[in-house]
Amino acid sequence: MKVPVSLRDVSGITIDVMRRTGLLLVSVNRDGKPNVMTIGWGFIGILWGEPYFIIAVRPSRYTYTLLERSLDFTVNVPSKGMERVVEYCGTFSGRDVDKFKRCGLTPLKAKVTKSPIIKECVIHYECVIKYHYDLMAELMPEDVLSSWYPSNDYHRIYFGNIVEVYADEDYETKVR
């Protein structure tokens, strides 16, 4: 059963799982078909007096196109044992394969966003995009440019206002 939780209670666990294995970001196309992408970069915090999940997505990614159209997303924290799913979703593109079907993931209707949550995950953030900006090469350190952007495919940073946070009742035992 999914229950409301405090952002304070789950944000540290979320960052820890993101660092270890990655999180699963879900967005939808115009027809409402969901796509899932692994994210390993992100921030949770307070901005403009509200909670935000800040993510980085390259324009070359299929998810970029979906975010530009849907203007919302969900971030889903996988349980222990989902490492292969996270790896797969970070390796293959939703342009070419239905990752929900391929990985046996179940999309569940979210409370607020068009983008669904993933049933098999244990913590869920529903986010509405309020702002975005593109990283600018001329402002980045040379070592970052050479390490992370050899193809000049600079991330767009999305500021997702967190409008709902909920989790499995036993989420703590499922992520450790």
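## Strand β6

Strand β6, spanning residues 72-77, is mostly covered, with six of its six residues buried. The structure described here is a predicted model. In β6, burial extends to both faces of the strand. Asp72, Thr74 and Asn76 are buried on one side, while Phe73, Val75 and Val77 are buried on the other.

The pairing of β6 with β2 is antiparallel and comprises three bridges. Within this pair, Thr74 of β6 stands opposite Val26.

Strand β9 (residues 123-134) also runs antiparallel to β6, and six bridges join the two strands. Val77 has Ile123 of β9 as its bridge partner; Val77 is also one of the buried residues of β6.

## Helix α3

Helix α3 covers residues 83-91, and its buried residues are Val85, Val86, Tyr88 and Cys89. Viewed down the axis of α3, these buried residues lie within an arc of 165°, and therefore they line one face of the helix. An α-helix has 3.6 residues a turn, so residues three or four places apart point the same way. The other side of α3 carries the exposed residues Arg84, Glu87, Gly90 and Thr91.

Conventions
Residues are numbered from 1 along each chain as its sequence is written. This is a predicted model: local features need pLDDT of at least 70, side-chain atom pairs count only at pLDDT 80 or more; totals for chains, interfaces and linings use all residues. Side-chain values use heavy atoms; hydrogens and water are left out. Buried means under 20% relative accessible area, exposed over 50%, partly exposed in between (1.4 Å probe, protein chains only). Helices (H or I, at least four residues) and strands (E, at least two) are DSSP runs, numbered from the N terminus. The arc is that of the directions from the helix axis to the C-beta atoms. Two strands pair if DSSP finds at least two bridges between them.
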